[in-house]
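Hi there,

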Amino acid sequence: MRDVGFDSVHIDAVGNVVGRYEGATPDAKTLLTGSHYDTVRNGGKYDGRLGIFVPIACVRELKRQNRRLPFAFEVVGFAEEEGQRYKATFLGSGALIGHFDARWLDQKDADGITMREAMQHAGLNEADIPKIQRDPARYLGFVEVHIEQGPVLTELDLPLGIVTSINGSVRYVGEVIGMASHAGTTPMDRRRDAAAAVAELILYTEQRAAKDGDSVGTVGMLEVPSGSINVVPGRCKFSLDLRAPNNAQRDALATDVVNALKDICERRGVRYELEETMRAAAAPSAPAWQQRWEKAVDALGIPLFRMPSGAGHDAMKLHEVMPQAMLFVRGINSGISHNPLESSTNDDIQLSVRAFQLLLDNLAAEQAH
Ligand code: GLV
Ligand code: MN
Ligand code: MN
């Protein structure tokens with residue numbers, strides 16, 4: 001950011017990297033953009049980072065032309081979006097809207113390191129987190145470029161897609177507690193196998209989500225703590241990630257899955273603990289901002305294709321306080337993501353830079369009137 005000519009760059013109290021390119025006048029409002037720079041374990045390099053580098057490329061060009069827009073441009077590399085290390089997630093974008101809960105600082109990672117300790121180790125000052133909350137009145141809105149992370153655009157042979165809405169989601173972590181016992185001597189009808197109970201939950205979740213057609217449900221983490229080959233699992237830890245295009249559909253899915261867990265555990269004579277760790281509302285794009293992306297993509301001669309986002313994004317948090325809309329860039333390798341095979345092409349990424357520049361130009365023209 002410094003190299004390309006941002007006016008100011010700093011790392012804020014939650015670890016976001018914030019660059020500002022000021023507008024033509026000091027009182028100008030700000031257009032906010034950005035995406036996350038954390039990744040999932042063994043993920044791809046474009047998820048998140050693309051949405052930071054594309055606007056950086058735009059600022060490089062503005063600076064090269066020595067051009068100022070009638071609004072300031074703020075690019076944020078969000079510190080945490082994926083929810084990998086701690087239960088709480090959207091730490092970066094959440095802090096910007098004042099939703100950082102100080103109790104999260106006591107959460108521990110898999111090695112017992114608290115979020116507070118991790119932040120201190122990174123040189124961050126937790127006391128300053130509330131200060132980074134933005135005043136939405138100072139902002140025009142939030143836009144985010146992101147790799148699609150799915151096969152739709154590549155199957156249609158389209159480089160860019162217009163996001164209409166981001167699916168709502170809810171996440172849980174849970175544990176089933178049964179009875180560890182000898183694998184050789186415990187008859188099948190007397191077991192209280194915690195892992196088998198979770199296995200049933202996974203199969204139920206698959207069927208229940210599939211029934212909706214456009215809901216998804218995933219158990220991505222599954223662990224028999226201190227398990228042994230010759231011991232019936234006494235405990236089984238699991239995660240649960242449920243998503244749907246609207247909040248009502250997500251909630252109905254969650255109710256059914258949680259009830260299924262209850263029934264499965266009762267029938268099997270085991271008990272469970274379940275903690276909701278995240279709930280993000282579905283985030284429809286603001287029509288005026290979606291139209292700005294459409295105008296830019298149309299001007300590039302690319303057919304307009306509108307699509308929902310199955311993945312979660314920082315835009316969901318900003319959505320709570322300001323209008324937002326996203327632009328998707330085609331991925332190759334069938335659009336695979338959360339996998340090192342995730343990739344895109346220089347040509348497609350260049351088109352997203354062009355679209356972003358056009359959006360800035362058009363917004364500048366709108367502001368002039
Ligand atoms: C973030 O990538 C998510 O959708 O889980
Ligand atoms: Mn991701
Ligand atoms: Mn992402």
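First, a term: a residue is buried under 20% relative accessible area, exposed over 50%, and partly exposed in between, with a 1.4 Å probe and protein chains only. D47 counts as buried because its relative accessibility is 5%. H338, at 42%, counts as partly exposed.

Some housekeeping: this is a predicted model, where local features need pLDDT of at least 70, side-chain atom pairs count only at pLDDT 80 or more, and totals for chains, interfaces and linings use all residues. Residues are numbered from 1 along each chain as its sequence is written, chains are lettered from A and ligands numbered from 1 in the order written, and side-chain values use heavy atoms, with hydrogens and water left out.

Now the metals. The manganese ion (ligand 2) is coordinated by D47 (OD), E82 (OE), E82 (OE) and H338 (NE2), at 2.0 to 2.7 Å; donors are N, O and S atoms within 2.8 Å of the metal (3.2 Å for Na, K and Ca), and sites may look incomplete because water is not among the atoms. D47 also bridges to the manganese ion (ligand 3), and the two ions lie 3.6 Å apart.

E82 and H338 turn up again at ligand 1. A polar side-chain atom of E82 lies 2.9 Å from an oxygen atom of ligand 1, and a side-chain N or O atom of H338 is 3.2 Å from an oxygen atom of ligand 1. For G312, a polar backbone atom is 2.6 Å from a ligand 1 oxygen.

Happy exploring!

Note on methods
A polar contact is a pair of N or O atoms within 3.5 Å; within protein, one must be able to donate a hydrogen and the other to accept it, and residues adjacent in sequence count only if both atoms are side-chain atoms.
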